[in-house]
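Welcome, and thank you for taking a look at this structure. Please have the sequence and the 3D view side by side while you read.

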Amino acid sequence: MSVTDAYGTSPAPASKSTESPKRFATSIRDLKKEYVLKSETVRALRGVSFDVPEGDYVAIMGPSGSGKSTLLNMLGCLDQPTSGSLMLGDDDISTMSDDQLADIRSRRIGFVFQSYNLIQQLSVVENIQVPLYYQGKLGPKQRERAVELAKQVGLGDRLDHRPTQLSGGQQQRVAIARSLVNDPFFVLADEPTGNLDSITTDEILAIFDKLNAEGRTIILVTHEDDVALRAKRIVRLKDGMLHTDELVEESAREAVRAKHAIAVAELKARE
Ligand SMILES: Nc1ncnc2c1ncn2[C@@H]1O[C@H](COP(=O)(O)OP(=O)(O)OP(=O)(O)O)[C@@H](O)[C@H]1O
């Protein structure tokens, strides 16, 4: 296998070096989530712990029912744990009110969904500005930032297009630009390439590579090994527990990038 042991799941021992301490985009400790139904209690997460240092690129994997969506909902401040802690910066989401959760969600988390979730009536630039709208922050400066982000994801010539006038890959680029508009703690991507063909998948993964190289923290849920191997680290859940937490060797990342590049070149040659 092309991965090595990762950071470990317990708090790091105090460093004796003079290096500044690692900052975490999020830090999760003994996270549990139970759903209480009439006939039974489902233990969806049974004590999950791991850290995501700033600048990391983590793929979360696991079989159906292993707890990925439950974890994602908490990382996205859409739901609270039954017990344990999930820190975003200095805030523990398990102690927040619904209003505080909504506030931190709109200000500090960048979402990218499988189905893009764009507003059909709005243009590319307007869609990118949507998270700012919810904070009452809309002005020329914010529009300028949205235009800049559109250019960063290669949509500088599509600023006034509506989602129906864009391909799936272009719509996902809008969603990625939208996810960055608030300068989030991390980009949370749920099967972001699930609806895309191989060529477009590679283009979207290249954007994530670039964003991560620029220092953006990315947390991505995927079922696909080849998508996960583009990340720096793979966290696997099983039966609501952390099964493995492994770093992906740079050589393995390079190999999968090369494999994707060859597949894309072959497909383009056939067109
Ligand atoms: N709202 C809910 N009420 C009750 N049980 C739930 C709820 N949401 C999830 N579960 C249960 O919690 C467990 C974990 O579900 P979860 O959706 O987090 O898994 P998953 O890994 O995302 O699965 P998949 O890959 O199929 O989406 C499952 O047994 C599921 O049935």
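## The chain as a whole

Please keep in mind that this is a predicted model. The protein chain contains eight helices and 11 strands. Along the principal axes, its C-alpha atoms fill a box of roughly 55 × 50 × 45 Å. A compact globule of 271 residues would have a radius of gyration near 18 Å, and the 19 Å of the protein chain agrees with that. Of the 271 residues, 38% count as buried. If we look at contacts between residues at least 6 apart in sequence, 71% join residues at least 24 apart.

Six of its eight residues are buried, so H1 is largely enclosed by the rest of the structure. The buried ones are Lys68, Thr70, Leu71, Leu72, Met74 and Leu75. In an α-helix there are 3.6 residues a turn, so residues three or four places apart point the same way.

## Strands and their partners

Strand S3 also belongs to an open sheet of four strands, in the order S3-S2-S5-S6, with antiparallel pairing. S3 and strand S6 (91-92) stand at the edges with a single partner strand each, so one side of each is left without a neighbour in the sheet. The partner pair of strand S2 (residues 24-36) and S3 runs antiparallel over 10 bridges, and here Leu31 stands opposite Val48 in S3.

Now turn to strand S9 (residues 218-221). Are its faces covered or open? Both are covered: Ile218 and Leu220 on one side, and Ile219 and Val221 on the other, are all buried. S9 pairs in the parallel sense with strand S4 (residues 57-61) over four bridges, and also in the parallel sense with strand S8 (residues 186-190) over four bridges. Leu220 is a handy landmark in S9: Ala59 stands opposite Leu220, and Ala189 stands opposite Leu220 as well. Together, S8, helix H6 (residues 198-213) and S9 make a right-handed β-α-β unit.

Further along, strand S10 (residues 233-238) and strand S11 (residues 241-248) pair in the antiparallel sense over six bridges. Val235 has Asp245 in S11 as its bridge partner. The hairpin formed by S10 and S11 has two residues between the strands.

## A closer look at Tyr57

Tyr57 has its place in strand S4. Is Tyr57 buried or exposed? Tyr57 counts as buried because it has 23 C-beta neighbours inside 10 Å, and the cut-off for buried is 20 or more. Leaving aside neighbours within four places in sequence, Tyr57 is in contact with Asn212, Ile218, Ala231, Lys232 and Arg233. One of these, Ile218, is among the buried residues of S9. Tyr57 and Ala228 are 171 residues apart in sequence, while their C-alpha atoms are 9.7 Å apart in space.

## Residues with a positive phi

Most residues other than glycine have a negative phi.

| Residue | Phi | Where |
|---|---|---|
| Cys77 | about 60° | just after H1 |
| Asp183 | about 55° | loop between helix H5 (168-180) and S8 |
| Asp239 | near 50° | hairpin of S10 and S11 |

Asp183, with 10 C-beta neighbours inside 10 Å, counts as exposed. The cut-offs behind these words are 20 or more for buried and 12 or fewer for exposed.

Note on methods. Residues are numbered from 1 along each chain as its sequence is written. This is a predicted model: local features need pLDDT of at least 70, side-chain atom pairs count only at pLDDT 80 or more; totals for chains, interfaces and linings use all residues. The radius of gyration is taken over C-alpha atoms; the globule rule is 2.2 Å times the number of residues to the power 0.38. Two residues are in contact if their C-beta atoms, placed from the backbone, lie within 7 Å. Two strands pair if DSSP finds at least two bridges between them. A crossover is right-handed if, with the strands pointing away from the viewer, the path from the first strand over the helix to the second runs clockwise.
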